[in-house]
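This briefing is an introduction for someone meeting the structure below for the first time. Please keep the sequence and the model in view while reading the points that follow it.

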Amino acid sequence: MTHQLSSPDFHGEEKDQVTSIGQIKPELYRPKGDQAEGKLGDTCGKISFLLRYAFNTEQLVVKILKALDLPAKDANGFSDPYVKIYLLPDRKKKYQTKVHRKTLNPVFNETFQFGVPLDELHSRKLHFSVYDFDRFSRHDLIGQVVVDNLLDFSEGSGDKPIWRDIIEGHAEKPDLGELNFSLCYLPTAGRLTVTIIKATNLKAMDLTGFSDPYVKASLVCDGRRLKKRKTSIKKNTLNPTYNEALVFDIPNENIENVSIVIAVMDYDCIGHNEVIGMCRVGSDADGPGREHWSAMLANPRKPIEHWHQLVEVRTGTEWRCSHSSV
Ligand SMILES: [Ca+2]
Ligand SMILES: [Ca+2]
């Protein structure tokens with residue numbers, strides 16, 4: 001069966017065939033296998049911080065001071081360390097320090113505050129994850145520290161540095177962030193509106209500890225990118241809000257045969273913009289991407305909103321729409 005391609009977005013644009021996703025080098029995204037890994041549970045350096053509880057404002061105030069004797073994660077014999085900090089069990093709210101280039105003994109001196117009522121303090125845990133920043137691959141987890149008994153610390157004046165051994169942790173799933181967007185399809189007009197709402201907890205791509213994210217959506221059919229649309233760029237943030245509509249013309253007879261690849265990109269004024277993470281929606285997408293698409297088709301003319309976990313860039317066949325004969 002052939003599909004009539006009558007709509008403007010179906011006139012494939014040759015210049016779109018080589019996209020910035022195509023230009024990134026997939027070999028740079030492979031996990032590094034050449035590092036001598038220690039055993040899980042080994043210590044790998046120390047970290048020091050100050051901790052105090054501000055009773056009047058019910059804030060736990062954490063100042064990350066420095067780390068010592070971190071392991072080298074890069075071939076140059078150094079790491080580019082930074083620290084992420086959460087107050088468990090809440091993993092949504094997290095902070096991170098700036099990245100310190102080429103050092104095993106970084107001095108952070110950054111202060112973060114978590115709002116937590118006094119009567120909850122005993123049940124919360126402070127969680128530090130030390131990472132090695134890499135521009136072109138997954139950031140390596142160096143190790144972690146968990147601090148409990150926060151109530152005990154709250155009674156001190158908070159001016160005495162606390163030292164903890166950093167324990168080598170499990171390599172987590174890459175933490176690229178989540179994207180919230182809605183899909184709305186008008187069957188008669190043949191119009192798909194992708195409204196990019198916001199993203200949270202994006203991976204930091206810049207040494208500032210932030211990224212300059214924008215979102216690029218591409219209409220894909222039969223492995224070909226037919227059209228792409230972009231949001232504006234939000235500078236220096238890991239939690240951008242867009243509320244921007246990206247509109248594609250897709251005739252009703254083609255809607256089952258296309259997918260939308262959505263990439264969250266980091267803008268850079270020098271060099272290539274890099275992909276932070278991506279997701280895909282369509283009839284042949286993976287679980288959440290397919291469910292979102294089905295919900296859109298089942299509810300014509302209604303915006304259907306979903307959160308999507310961003311995944312690493314993939315190349316090749318996954319982007320094809322398998323049953324198109326275009
Ligand atoms: Ca590095
Ligand atoms: Ca950037």
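Ala217 has Arg229, in strand S12, as its bridge partner. The model is predicted, and its chain holds three helices and 16 strands. Of the 326 residues in the chain, 36% are buried. Among the contacts with a separation of 6 or more, 67% are between residues 24 or more positions apart.

**The sheet that contains S12**

- Strand S11, which covers residues 213-221, runs antiparallel to S12, and six bridges join the two.
- These strands belong to an open sheet of four, in the order S12-S11-S14-S15, in which the pairing is antiparallel.
- Strand S12 (224-230) and strand S15 (274-282) stand at the edges with a single partner strand each, so one side of each has no neighbour in the sheet.
- From one strand to the next, the twist in this sheet averages 25 degrees.

**The sheet that contains S9 and S10**

- Another open sheet of four strands has the order S13-S10-S9-S16, again with antiparallel pairing.
- Its edges are strand S13 (241-249) and strand S16 (304-309), and because each of these has a single partner strand, one side of each is left without a neighbour in the sheet.
- The twist here averages 25 degrees from one strand to the next.
- Within this sheet, strand S9 (residues 178-186) and strand S10 (residues 191-200) pair in the antiparallel sense over nine bridges, and Leu179 has Ala199 in S10 as its bridge partner.

**Helix H3 and its two sides**

- Helix H3 consists of twelve residues, 287-298, and its span of 16 Å from the first C-alpha to the last is close to the 16 Å expected at 1.5 Å a residue.
- The buried residues of H3 are Gly289, His292, Trp293 and Met296, and they lie on the same side of the helix because they cover an arc of only 95 degrees around its axis.
- These buried residues pack against S9, S15 and S16, whereas the face turned away from the buried side carries the exposed residues Gly287 and Ala298.

**Nonpolar cores**

- The largest nonpolar core has 40 residues, and those with the most contacts inside it are Val194, Leu219, Ile262, Val264, Ile276 and Met278.
- At least two residues of this core come from each of S9, S10, S11, S13, strand S14 (259-266), S15 and H3.
- Ile262, when residues up to four places away in sequence are not counted, touches Leu179, Val215, Ala217, Met278, Cys279 and Arg280.
- There is also a second, separate core of 26 residues, and among its members are Ile47, Val62, Phe114 and Leu126.

**Loop residues with partners elsewhere in the chain**

- Arg124 is placed in the loop between strand S5 (107-115) and strand S6 (125-132), and it counts as buried because it has 20 C-beta neighbours inside 10 Å.
- The C-alpha atoms of Arg124 and Leu88 are separated by 5.7 Å, although the two residues are 36 residues apart along the chain.
- Not counting residues up to four places away in sequence, Arg124 touches Leu87, Leu88, Val116 and Leu150.
- Leu104 is in the loop between strand S4 (90-96) and S5, and with 18 C-beta neighbours inside 10 Å it counts as partly exposed.
- Between the C-alpha atoms of Leu104 and Asp69, which are 35 residues apart along the chain, the separation is 5.6 Å.
- Apart from neighbours within four places in sequence, the contacts of Leu104 are Asp69, Leu70, Ala72, Phe78 and Ser79.

**Backbone details in loops**

- The peptide bond that leads from Leu88 to Pro89 is cis, with omega near 5 degrees, and Pro89 lies in the loop between strand S3 (81-88) and S4.
- Asn201 is not a glycine, yet it has a positive phi of about 55 degrees; this residue lies in the loop between S10 and S11 and is partly exposed, with 17 other C-beta atoms within 10 Å.
- Arg301, also not a glycine, has a positive phi of about 75 degrees; its place is in the loop between H3 and S16, and with 10 C-beta neighbours inside 10 Å it counts as exposed.

Methods
Residues are numbered from 1 along each chain as its sequence is written. Chains are lettered from A and ligands numbered from 1 in the order in which they are written. This is a predicted model: local features need pLDDT of at least 70, side-chain atom pairs count only at pLDDT 80 or more; totals for chains, interfaces and linings use all residues. Two strands pair if DSSP finds at least two bridges between them. Axes are lines fitted to C-alpha atoms, for helices over the stretch in contact, and angles run from 0 to 180 degrees between N-to-C directions. The expected span of a helix is 1.5 Å times one less than its number of residues. A residue is buried if 20 or more other C-beta atoms lie within 10 Å of its own, exposed if 12 or fewer, and partly exposed in between; C-beta atoms are placed from the backbone. The arc is that of the directions from the helix axis to the C-beta atoms. Two residues are in contact if their C-beta atoms, placed from the backbone, lie within 7 Å. A nonpolar core is a set of buried Ala, Val, Leu, Ile, Met, Phe, Trp, Tyr and Cys residues joined through C-beta atoms within 7 Å.
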